[in-house]
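Please look through the sequence and the model below before reading on. The briefing that follows takes up helix packing, aromatic rings and backbone angles in turn.

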Amino acid sequence: MANMRFKAIETAHNRTAISVTPPSDKVADYYGSYTFSDDVMKTLLTPEAYYKVSNAIKSGSRIDREIADEVAAAMKSWATSKGATHYTHWFQPLTGGTAEKHDAFFDVTPQGKAIEKFKGSALVQQEPDASSFPSGGLRATFEARGYTGWDPSSPAFLMDNGAGGKTLCIPSVFISYTGEALDYKTPILRALHMLDKAATAVMYYFDRNVEKVTATLGPEQEYFLVDKALYYARPDLMMAGRTVFGHSPAKGQQLEDHYFGSIPPRVNAFMVDFEYEAWKLGIPVRTRHNEVAPGQFECAPTFEELNLAIDHNALLMDLMNKVAEKHHFKVLFHEKPFAGINGSGKHNNWSMMTDTGVNLLAPSSKPKETLRFLTFLMNTVKAVHDHADLLRASIASAGNEYRLGANEAPPAIVSIFLGDELIRLLETLENRGEIQLEKGDNVFYKLGITRTPPLMRDNTDRNRTSPFAFTGNKFEYRAVGGSANSASPMIILNTIVANQLQEFKKELEVRLETGEKKELAIVDILKDYYRHSKRILFQGNGYSEEWIQEAANRGLTNIASTPIALAKYIEPSAIAVLEKMGVLTEREVHARYEIELENYIKKVQIESRVIGDLALNHVVSTTIKYQFQLAQTAKALVELELIDEAQPLKELIKEVSQRVSIIKQAVDDMTEARKKANNTEDIAERAILYGSEVKDYFDKIRYEVDKLELLIDDEDWPLVKYREMLFVK
């Protein structure tokens with residue numbers, strides 16, 4: 001094994017950057033060239049068909065069969081002209097990844113001849129076998145039917161299969177035979193529809209020209225890169241996506257010299273290559289840089305409509321994996337692939353935009369616009385306050401359990417950062433008491449809104465320790481894990497904000513019916529919201545021990561355990577809001593809860609097995625061989641009557657023996673704990689047992705193994721070390 005390690009290191013050392021050639025000197029020449037974009041549709045469809053498809057995208061109306069046939073013909077013509085041979089409904093099942101089943105653009109006649117074929121029925125719907133996708137009990141195991149349905153609001157695109165040609169990918173929803181959602185896209189589309197209705201209704205009080213409100217998203221993707229040879233020399237990375245053993249190197253991230261530093265040539269070539277491919281697909285990736293941890297990097301896009309942004313992030317992750325192979329890298333999206341250094345998040349930057357081009361979370365120096373801004377800001381704050389546990393559940397996973405509260409990651413406590421200037425403004429509003437208006441009075445002056453600083457967004461520094469932070473003209477949900485599908489937290493966030501906006505509108509209407517002035521009524525409601533929600537607002541260091549105690553005093557929950565966090569999905573209040581808003585039925589919520597628990601159990605189970613395998617078959621076996629060498633040397637020294645000289649070796653042998661004994665016993669105990677968990681029928685109890693009794697042995701075994709890494713001769717150690725994985729580029 002040691003030979004394998006050194007061979008992998010040598011292979012990695014000898015690699016050089018691969019030359020990458022852009023498709024054109026100007027990005028504009030090829031940006032979106034692999035997407036069935038609005039411009040392409042306008043060119044290939046009749047005006048009537050184009051109008052109906054555009055209207056369906058904007059309003060969510062249905063597309064009739066005749067129009068679907070025309071769109072299908074245009075899609076096939078466009079796709080085949082660019083080398084596509086197959087098509088697929090591209091969807092996002094509850095596995096956390098993407099799925100596709102490729103069908104050829106032809107059929108065979110009874111006479112045995114091939115004819116080109118792609119009808120509207122094939123565009124609108126497919127029936128992939130759903131039997132192997134998680135359903136959480138929404139269907140029986142022996143029932144195979146599941147249906148994918150075209151989502152016209154997300155453009156179809158071409159996926160380059162390398163030597164195998166191209167495939168037309170049609171973004172789709174995925175539902176069961178009985179119509180329940182088996183994917184992420186279906187509920188996110190429902191949530192976005194409800195947010196649009198609720199926010200547009202509230203905007204009636206500020207601007208009656210607004211007919212649509214769209215949620216926007218910009219997910220920042222953090223990731224690690226490891227040379228492919230080193231990756232395959234680490235079974236834990238291959239099986240679990242993270243290193244279960246590994247002593248911290250002398251130099252990690254403490255010098256902070258990697259952050260924003262010069263990008264290594266091989267890494268830069270990889271970044272350039274996947275950006276070229278992303279731009280062809282219309283993914284607006286604009287930012288790339290080194291992250292804080294060695295071997296860690298980030299890419300970030302321009303803001304997009306939320307549904308499209310989620311599709312693009314899922315596609316980008318898939319694309320990065322494919323391009324990495326070409327550059328002899330492996331991409332690690334796991335939230336904590338290496339102990340002792342930063343983990344990876346996917347910061348979800350979220351806002352709301354009107355069809356008139358107004359960002360509803362952008363501050364303004366104009367009094368009326370400031371009131372509108374405060375309305376949407378405080379409704380968001382109250383929504384997060386009232387459903388903090390549900391929002392926490394939406395980012396709970398086996399990987400994120402290692403990250404939350406660790407280096408650079410926000411704690412498991414859901415809190416909101418607004419910044420000093422906004423807090424001062426809200427405090428002023430709260431403390432002004434009753435305001436009497438005389439005829440001719442300036443209502444905004446009396447409310448104190450005319451003094452709002454024009455550069456409010458820049459008046460306070462950002463707080464990177466906050467899990468949900470206002471960052472100028474958007475909220476950044478920083479607690480989302482690097483491997484997560486952003487749809488999971490965005491389903492919840494958009495649902496609870498839509499629900500809160502509906503409640504706000506009801507309260508406002510009641511006040512207006514009594515003859516109360518609109519501006520005073522709005523401010524009065526917002527003051528109540530601030531008093532009700534202010535305990536969740538925190539401007540300090542979220543990493544500090546003091547905050548944990550203060551949060552407890554405030555009554556905020558601190559749910560570190562994934563199984564406990566996931567249980568918040570099935571709280572009556574959570575089910576009530578999801579059902580009320582038509583986003584998920586109670587049956588669908590329970591199904592997702594069960595799926596997430598199963599996923600957690602399986603991942604911890606895999607890690608446990610990997611730990612046992614590596615500990616016994618790699619570490620202990622190597623240690624015993626090394627121990628024998630030490631014993632032979634000590635024996636020889638004693639025979640030469642060098643008793644004192646042999647003593648340090650005897651002590652080393654004793655220490656090694658003790659550590660091996662602890663490892664062996666801990667692995668045996670962990671295996672028994674796993675058996676106990678597996679024999680527990682209740683899935684929630686089983687998940688808790690895996691998260692406590694099984695997982696409790698992980699650090700205990702790791703501690704002993706990492707100590708042995710420092711004792712065993714470097715030539716004999718079988719696993720690629722941290723210093724080799726993190727710094728060899």
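**Helix packing, aromatic rings and backbone angles**

In this predicted model, the axes of helix 12 and helix 15 (residues 420-431) come within 13 Å and cross at roughly 100°. Because angles of 65 to 115 degrees count as roughly perpendicular, helix 12 and helix 15 are described as roughly perpendicular to each other.

**Helix 12 and its two partners**

- On the side of helix 12, the contact with helix 15 is made by Phe373, Leu374, Leu377 and Met378, which meet Leu422, Leu425, Leu426 and Leu429 in helix 15.
- Sorted by class, the residues of this contact between helix 12 and helix 15 are eight nonpolar, with no polar and no charged residues.
- The axes of helix 12 (residues 367-386) and helix 18 (residues 518-533) come within 10 Å, and they cross at roughly 30°.
- Since angles under 35 degrees count as roughly parallel, helix 12 and helix 18 are therefore roughly parallel to each other, and their crossing is left-handed.
- The residues of helix 12 that meet helix 18 include Leu371, Leu374, Thr375 and Met378, while those on the side of helix 18 include Glu519, Ile522, Val523 and Leu526.
- The contact of helix 12 with helix 18 divides into nine nonpolar, five polar and three charged residues.

**Aromatic rings**

- A search of the whole structure finds 23 aromatic pairs, and one of them joins Tyr87 and Phe105, whose ring centres are 5.4 Å apart and whose planes stand at 35°, so that the pair is tilted.
- Tyr87 belongs to strand 1 (residues 84-90), whereas Phe105 lies in the loop between strand 2 (103-104) and strand 3 (106-108), so the pair ties together parts that are 18 residues apart in sequence.
- Both Tyr87 and Phe105 are buried.
- Elsewhere in the model, Tyr223, Phe270, Phe274, Phe297 and Phe329 form one aromatic cluster.

**Positive phi angles**

- Phe260, a residue other than glycine, has a positive phi near 60°, and its place is in the loop between helix 9 (235-240) and helix 10 (265-280).
- The relative accessibility of Phe260 is 54%, and because exposed means over 50%, Phe260 counts as exposed.
- Glu641, a residue other than glycine, also has a positive phi near 60°, and Glu641 lies in the loop between helix 22 (586-639) and helix 23 (643-678).
- With a relative accessible area of 68%, Glu641 is exposed.

Methods
Residues numbered from 1 in each chain as written. Predicted model: local features only at pLDDT ≥ 70, side-chain atom pairs only at ≥ 80, totals over all residues. Heavy atoms only, no water. Axes fitted to C-alpha atoms, helices over the stretch in contact; angles between N-to-C directions. Helix = DSSP H or I, 4+ residues; strand = E, 2+ residues; numbered from the N terminus. Parallel < 35°, antiparallel > 145°, perpendicular 65-115°, else oblique. Left-handed = near helix turned anticlockwise from the far one by under 90°. Contact = heavy atoms within 4.5 Å. Nonpolar A, V, L, I, M, F, W, Y, C, P; charged D, E, K, R; others polar. Phe/Tyr/Trp six-rings, centres within 6.5 Å; stacked < 30°, edge-to-face > 60°. Buried < 20%, exposed > 50% of the residue type's maximum accessible area, 1.4 Å probe, protein only.
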